[in-house]
Each structure stands twice: as structure tokens, then as C-alpha cells.
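Please look over this model before reading on. My notes are brief and numbered.

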Amino acid sequence: VIDPYWALIDLANGILTGTMLGGSYALISIGLALNFGVMRLVNLSHGDWLIVAAYLCVAALSAFPVSPFAAPVVVVPIMFGIGYALQRGLLNRISVQATERKGMSPVFAIMLPLLVTFGLSIVVSQGLLAVFSADAVTIKNDLSFSSISLTDDLSISLLRFGFFVAASVLIGLLAAWMRLTHVGRAIRAAADDPEVAALMGMRTPHVYAVASGLSLASSAIAGFMIGMLRSFQPFDGSPFLLTAFGVVVIGGLGSLGGCLAGGIILGIVQVLAGTYFGAGAQQMGGYLFILLVLAVRPQGLFARKAVS
Amino acid sequence: VISGFNDGTSKEKNGIIGGLGERRYVPPALIVGLLFMLCVAPTVVGAQSYALHILMSIFLFAILGHAWNLIAGFAGMLSFGQQAFIGVGGFAQALLAYYGSVSVWTAWPISGLAAAAFALLLCLPTKARGSRRRVVYGVTVAVLAWIGYEALISFFPDADVFQSTYVRREILLLLVFLGALPLMKLRGAYFAIATWLIAEAVSTAFNGWDVSGAGGGMQLRSEVTQLQLYYVALALLAAVTTVIWVWMHSYQGLALTAIRDDEDAAQSSGVDVDRVKMLVFVFSAAITGLASGLYFMDVVIITPPSAFSISWAADIVFVVVAGGMGTITGPLVGAVLFVVIERLLGAVAGQGLLVLGILSIVLMLFLPRGVMGVISGLSNHGPRRRFLPAKQSVLSVGASSGIEETRPRSLGDI
């Protein structure tokens, strides 16, 4: 016999937890969405950069043992720098324009960025292994078990709620920045038509590099979150890449607001699958849902154009 | 039909990277000599020696490279999910050998068959276009069969091969879902990530399946000797290389590269795109499964994390990228480079995979044709050129060529 009260609590809990989980998913996919929306680049090393940021937070905190929330202040600029350099040094050379200049076939122009960023993902994770060893680490904090009680039977994790708010605020800020500032407009222009943007006198390599820096800077906050919520190892990047790609596809390619919506949908689907079909179904449910969206609506559930 | 693809393509746009192909003439005496040397190698270096093991690893990675090169280099389908076939093939062999109590060699063919069957499932629905009705029929039949199976095991619980209600439903749902998924419709990054996701999903299913040892995996009885593995791997490699060579020089192979270079143009020129893609995908999975069967006979233990690891994709990508995508000799050369760097240098200095990763990025940036691409490029300008028929140079420019020549001899020419 099913008690309607508990059935309702299960459902409410699933949706609530799923929404909070979706906030973290949105946070880890902002960087990928920026890359995709502006550069049309699917960065397969995205997940590994999240782990790099998480390790940098741990390293910064072991050097300066202050409050864990001070870590992003140091790590975000570092990651912005890495992103800028990476785009100037490597990713600009494999863009569609660069492959066209080199006279490569269109098929190879599609493959090259995927192959190179896939190789980059191996390099980054192996580099992490060489520097930090394979031991699982985490960012120590005393908030891990704090929660907010909504009713007697419903509560949400304080950290998860915090990161949900952080994701929403970050997405709002980025979207506003893209609309209101000169550099933001330049990024949108370069995203819409790189050739015309270059003809108008924009330094597209620089604009792309700023976008890539922003992408890794948001990944820094996401990496900080990963470190706060769980323990991680050098090779933990690829599941995050798959999740982030799923979120970006569900939300409509490259749209920042879509990240939040896609994250929440994926989070709710996963948690409900876990609630009703057992813990193992959570992961499988997520994979199947992403594959389903890929197959049926590859333009995303809320199709939109370019970056918002 | 094929000659039409030459029209309007500049020299640079030919082939996957630009004029790519093997124009180098490989003398048959060299091939025979090399094969002979490899056949007698065990008597020279010793049947139990590490050198023989290294050679066998080279053969296996060359086969895996061939398989991936077929779908990525020749067909233009960039997959990061070959580990799905490695895992499915390896586990099928281990399951048959263990529960069927047969020898590992008897169970070996199932590794190729299971991987091919799984690939066929992914290729369904076979027609990428206008497939909705087929999907509905297919899913209905699959779900009815599933319901029949559930009914059967409610009367005869012993007939349940899954031995757990949750795992049974999970795996059957996954199979129905993958059968209904039009994977071949996806392009570029979507295809790449979808194949990767499929491998992860299958891995998740195997991780919870007690029959296949759950997370702990299975053990294969190690009755095989290194010498047997060596000769079987060599024979398989020789067979696969020959098949691919003949295939890529036939109408089918030309159709394949035509699809890679412009799928819509190939379709409108009368190439059965869906059929050719399916054929190459299933064949690639079959030889990947066979190679995986041999690999796990050698390492004895198969676990879901080792069999479905994304590092397989990384290794295979390096093998092909280093050797040269879309060339037949590429995977052979790439496998030698891979094993030398990863197994030999990596064992001495560590960081083998880090070196491989950096090297593959550098290669993609500066030598996208790989080692064999560079060699064949050099030979175009060197004295080797005289081995090519005179018509070849006209063809390779790609200018209004094909009317009289309907079967270009070099792969890069279409």
C-alpha cells in the first residue's frame, strides 16, 4: 500500500534535489557552452580543466590555509590566464577558419578540433597524475553536512543550494556582460560571423581568447564546487564532460540560459530515475536521456540561436 | 558514378586532409619478406620472450587501429566509443568460456560476433531517413519479446540469464533503446559524444551485473600460450590488412570515401549511403571484438573499468593519428610507434601516455597526414614518382578527370 503523503514527499524531494543537482550541472557546463556558442568548438578536454581548477583550489588552500571560499579569488584569474593562452597558442590554430586557410578538407576540419582537444584531455589528466598523484583529495570545509529544512520531511543541502544560486548569478552576470559591455558585444559579433567581425577591425583571435578565458574562469568556479562537494582524482574529468555536453545539448547549443534549464531537467530526470528504479539507475537514466535528446532533438529542447 | 566526385574539387580539398593517399609503391617482395621475418621471429627471439609479447601488442593495436581508421579515416565517422566493442567482445568471450565450459579458442569467435551484433543494433534503424515507422515497429516487436521473456521466466525462473530483476530490466531497456536510436544520423561531435556515452552506458550495465562478475570482472582460463596468440594475431592482422586493401580499392571503398568527403553528393550520385556506412561500422566492430578477445586472453582478467575505459579510445586515436588517418599502412606504422613509446619508453621513463598525448597534438597540428602521409607526400616529389602510371598525375590534380578513368588507383584521388 502506497501512502500518498510519502509518495508526494518522494516526488517533491526528487524534484527539489534534482533542481539543486541541476544547478551544479549548469555550473559545470557554462564553460563548454561558451566554447560552443562562440567558437563552435566542442572542447573534449573541458572536464579535465574542471579537475585542474579543483586541484588548484586544493593547492592554493594548502599554501594559504584560509577560508575555502577564498580559493576561487586566486584560482579564477589563473584559469582565465590559462584559457587565454590555450586559445591563442593552440585552439585558434584548429578553428574552422584556420583549417580552411591550410587547405584541409571540410571533413577533417570537423575532426581536427575533436581530435586535438581529446589529446589535450589525455595530456591534462596525465599531467595532473604526474603532479598530484592518484590519491583522491577534497577541499575540506565544515559545510558538507549542513542543510536547510523546508518542512519536517524535506530538506536541501546548504552547499548545493549555494552553488545553485551561484550558477544562476554567474549565468545572469555573463549574459548581462555579453549584452552590455563592448567586449561582450565583440564576442557575440565574432560568434555570429567571424569574417565580418574581422573586417570590422576586431581582433578575432583576441576576442576568442577572451571568451576562452571566460570559459575556463567559469570552469574554475565549477571546479571549486566539485572540490567542495566530493572527492576527486586526476581522471575524473570525462564524466563531467559527458554531463556538461548533455546539458549543453538539452539546453539548446551554446545558450547560457539554456544551461540552467538543461541542467535542471537533467538533474530532475536523474534523481527521479534514482528514486523510482534504484540508485544504479541514476547514472544510466542520465545517459539514456542525453542520448535520447541527441537523437530526437539535437538542436536542444529549447532551440535558440548562438549565445544569448 | 564515382568519377563524378572529382568534379569541382580543388586539389587541396581532395581526401580527408588534402590530396591524402598512398601513392607510394610498396614492392610485394618487401611485404613477403616482412611476413616471412615475422613468421620466423619466434624461433629467433624465443617463444616466451618479452620481444615476442611486444610484437604481439603491435599486431593487436594495429588491428584496433585498422578498425578505427576504417570508420574515422575512410568513412569520416569520428567515434570515441570503440571501447564498447572491446568490452562487449571481451565479455562475450569470457561469459561463453566460463558458463559454456568451452576452451578459450572455441569461445574466441563470439567476441567478434557479439561486437558485430552490438554494432548492428546501433546501426538500427538502418535507413537514416524516414525511419520513424520502422522504429515504431521495431520497438513494438522488441517490447513484445521482452514481455514474452518476462512471462517465460515468471514460470521458469531458471531460464533467466540475468539473475536479477533490476539488471534484467536495465539491460533489456538499454538494448531496446540503443536499437531505436538512429546513431548513424548523427554527425561530427554529436556522433563522437554519442558513441562515448553508449560505451559508458554499457559499462554501467556490466558494472552491476553479477553474472559477469559485476565490478570485479571475470577471469579467463589461461590455457593459451604466447606463441599461439602471436601467430593468431599475426594472421588476423594480415587478413584484416588484405581485406581492407582490397575493399578500399573496390567500388565499395570508393563509395565510402565519397561519403566521407560529401555525403549528400554521394547519396545523390546513387551510393547507398546507409548500407555502406552500416557495413563498415559492423566490420570495424567485428575486428575490434576479435582483437579484444585476443588481448584479454593475454591479460587473463577482464573487468568493466578496464574493458570499457576511454583510454582505449585514446590509444587507438594515437595509433591512427601517428600513422596517418585514411591510409592503409598508417595503423601499422602507428601501432609500432605507439607500442614503442607507451610500452618501452613508458616503462623506462614513466609518463608514456603524457608523451603520447603531447605527441598526438603536435602531430595533428604540424603533420596531420601522419607519418605515412608524409612519406607518401615525399615520394610524390621524389624519384618514386616514376612508379605511378602517367594518368595518375592528371587524376591527382582532380581537374575534369574522371570520364575515361572510372577507377582511380589511389585512394586520395576521389
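The points below take chain A and then its interface with chain B.

1. Keep in mind that this is a predicted model.

2. Start with the make-up of chain A. It holds 12 helices and two strands. Read along the sequence, the pattern is α-α-α-α-α-β-β-α-α-α-α-α-α-α.

3. Next, the overall size of chain A. Its C-alpha trace spans about 70 × 50 × 35 Å along the principal axes.

4. Now the packing of chain A. Of its 308 residues, 55% count as buried. Take the contacts between residues at least 6 apart in sequence: 78% of these join residues at least 24 apart.

5. Turn to the interface. Here 52 residues of chain B are in contact with 46 residues of chain A. The area buried between the two chains is about 4,200 Å², and carbon and sulfur atoms give 82% of that area. B:Tyr190, B:Leu197 and B:Leu365 supply 16% of the area that chain B buries against chain A, more than any other three residues.

6. What about charged and polar pairs? One residue pair is in polar contact between them, with both residues at pLDDT 80 or more.

7. Which elements of chain B touch chain A? Those giving two or more residues include helix H2 (50-74), helix H6 (165-180) and helix H15 (352-366) of chain B. H7(B) gives the most, with 13 residues. The residues on this side of chain B divide into 38 nonpolar, seven polar and seven charged.

Conventions:
Residues numbered from 1 in each chain as written. Chains lettered and ligands numbered in written order. Predicted model: local features only at pLDDT ≥ 70, side-chain atom pairs only at ≥ 80, totals over all residues. Heavy atoms only, no water. Contact = heavy atoms within 4.5 Å. Buried area = accessible area lost by both parts, 1.4 Å probe. Polar contact = N/O pair within 3.5 Å; in protein donor to acceptor, adjacent residues only side chain to side chain. Helix = DSSP H or I, 4+ residues; strand = E, 2+ residues; numbered from the N terminus. Nonpolar A, V, L, I, M, F, W, Y, C, P; charged D, E, K, R; others polar. Buried < 20%, exposed > 50% of the residue type's maximum accessible area, 1.4 Å probe, protein only.
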